[in-house]
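Dear colleague,

Please find below the structure that I am handing over to you. My notes on it follow.

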Amino acid sequence: MQFHHHKYVSSDPRIEEASGTGINRPETLPDVMDVLIVGSGPAGMIAAAQLAKFPNITTRIVEKRSGRLEIGQADGIQARSVETFQAFGFAERITTEAYRITEMAFWAPDADNPAHITRSSVAPDDPTGEISEFPHLIVNQARVLDYFAEFARNAPARVTPDHGLEFVGLAIHDGEDYPVEVTLRHTAGDKEGEERTVKARYVIGCDGAHSRVRESIGRKHIGAVSNHAWGVMDVLANTDFPDIRTKCAIQSSTGGSILHIPREGGHLFRMYVDLGEVARDDNHQVRQTTLETTIAKANQILHPYTVEVKHCAWYTVYEVGHRVTDKFDDVPPGEEGTRTPRVFITGDACHTHSAKAGQGMNVSMQDGWNIAWKLGHVLSGTAPESLLDTYSSERQVVAQNLIDFDREWSSLMAKPAEEFDDPQELADFYVKTAEFPAGFMTEYQTSMITGTTDHQNLATGFPVGKRFKSERVMRVCDGNDVHLGHHATADGRWRIYAFADHARPGEDSRLSAWADWLLDSPDSPVVKYTPEGSDLDSLFDVKVIYQQPHGEIEFGPKIPAIFVPKVGPFQLTDYEKVYAIDPEVNIFETRGIDRNGAVVVVRPDHYVSQVLSLSDVDELATFFDGALHRRSR
């Protein structure tokens, strides 16, 4: 974490100085704004947190609840989400209060006594140990929202939710400066029931599976309910079941299945209890199943073990459904490029599925981050409006992949034990597909912000379109062993990682020529697109990784200036952009970096956009000419 470059900071450095729209921010919702976010769930709060880093943008977030969420329905946090938390500065803190999943136990009917269940196998959560340096966690959704709210509140724009306001409808008036007219209704306080209208340049709908924002733009949920129901309970209980503090998939011979998930705090746990097939004419009557019935069903499945519930914190019944919205913005299919999208939907508003794969909150957060940084760039004049077209095209594919995976996983969970040809089928599927539930299968296709794979051989461990997979390196200035990707915060900047050829600082090399071009050439994206009067690294965070150990790299004037920018009002040197290999885990070997060097370009949401050689300066320039917009001087 870097601070003090603007002035000495003796208080919490996470609280940034207010600037722009964050100075004297109105407590009440204004009549006009740049971005209106509807709903303060995971997608809404991460979007608010990201946009709070853009102080020249007026962002407001409305929530129909009268205050913060206290009990969240989602609790599974995949490793990709913890990577995201690292970018927002709270991965370490939330990890300490969460339950960490390291393995999953599989229980099946005992072959000698099918009326009893027995442990059939235990699978590690990360079978290869190479998926991520971050863990798989279980923690209350409300705490995730708290941390994003803290980040947004402490960021320069000082974004906080406006509680007690629900979305009623909207109308789009093309040609106006604030074309989206939104009707809101007060849900609490002296004005309860009263309506008012506000205007925005853009609206992000994060208002759940029954989204009114989705309905207002004519989008349709496509899919169906699978006629299978599950009772879900968060409980405190006494039990003789030996794996009560281990994640479990439990299959009985006659009673159905349980997905068991320990919760944070050491005592609470969640059970998804199989309530069986639902008749097509049930008309949702299964949702009236009582907690007592679900507890009895759980005991039937767990036999010969028992569970005695002492307290239930939360309980619901749901029918598995798999739906994806036909499009994630308000531009009709086939009309992309003819007008700018103004309304976007995220999370459950555009994809719904079972909760058992633990994907809902995680995928929703990536939706929110994706659209938020893009709106930040467009509204700041950094990128053209066409950037916004990439949101729906990118995230709809991810949502469909999620639905396909969850349909298979939830079907296996509901499958009667006697129908499996191989008792290990469920465990084998869990191990084989580990990368998907960890959040690492997303792979964006070629677009204005994702290049081709023509030069992928130069850095095989950083696949274009997939998230930047961090690795340990040595920071030259202080010899600290650090993760390269952990320095990439959610600040809206692009990252450019230059992997050096064999030369050392001061020697003529492909790296030194590339660095000089990036600093001085009129074709360089740094020269073209860095806002006038701002720090050299205000839009592009450029780092170098040398092939030698840090003891062989001298930090000094021989290092190219692009890697040692002057920052802040005092123009202090940034020492944290120069790295060397960690001999124990040489990044050039573990990430397949060509020894003649390579350039890896990473988007603000940490997905790899380009892999190029150090000689491909024209391609680098062309790429950013398509992705960015030259600001007026």
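Leaving aside its neighbours within four places in sequence, with which residues is arginine 493 in contact? They are Asp537, Ser538, Leu539, Asp541, Lys577, Arg603 and Pro604, where contact means heavy atoms within 4.5 Å.

This is a predicted model, in which local features need pLDDT of at least 70 and side-chain atom pairs count only at pLDDT 80 or more, while totals for chains, interfaces and linings use all residues. Residues are numbered from 1 along each chain as its sequence is written, and side-chain values use heavy atoms, with hydrogens and water left out.

Arginine 493 is found in the loop between β20 (481-483) and β21 (494-499); helices (H or I, at least four residues) and strands (E, at least two) are DSSP runs, numbered from the N terminus. Arginine 493 counts as buried because its relative accessibility is 13%, buried being under 20% relative accessible area with a 1.4 Å probe, protein chains only. Its side chain reaches the backbone oxygen of aspartate 537 at 2.9 Å.

In helix α10 (residues 510-520), the buried residues are Leu511, Ser512, Trp514, Ala515, Trp517 and Leu518. These pack against β21, α11 (525-529), β22 (540-549), β26 (598-602) and α13 (617-627).

Helix α8 (residues 389-414) and helix α9 (residues 425-432) have axes that come within 10 Å and cross at roughly 155°. The axes are lines fitted to C-alpha atoms over the stretch in contact, with angles from 0 to 180 degrees between N-to-C directions. The two helices, α8 and α9, are therefore roughly antiparallel to each other, a term for angles over 145 degrees. On the α8 side, the contact is made by Phe405, Glu408, Trp409, Leu412 and Met413, and on the α9 side by Glu425, Leu426, Phe429 and Tyr430.

Yours sincerely

Technical notes
Angles under 35 degrees count as roughly parallel, over 145 as roughly antiparallel, 65 to 115 as roughly perpendicular and the rest as oblique. Buried means under 20% relative accessible area, exposed over 50%, partly exposed in between (1.4 Å probe, protein chains only). A polar contact is a pair of N or O atoms within 3.5 Å; within protein, one must be able to donate a hydrogen and the other to accept it, and residues adjacent in sequence count only if both atoms are side-chain atoms.
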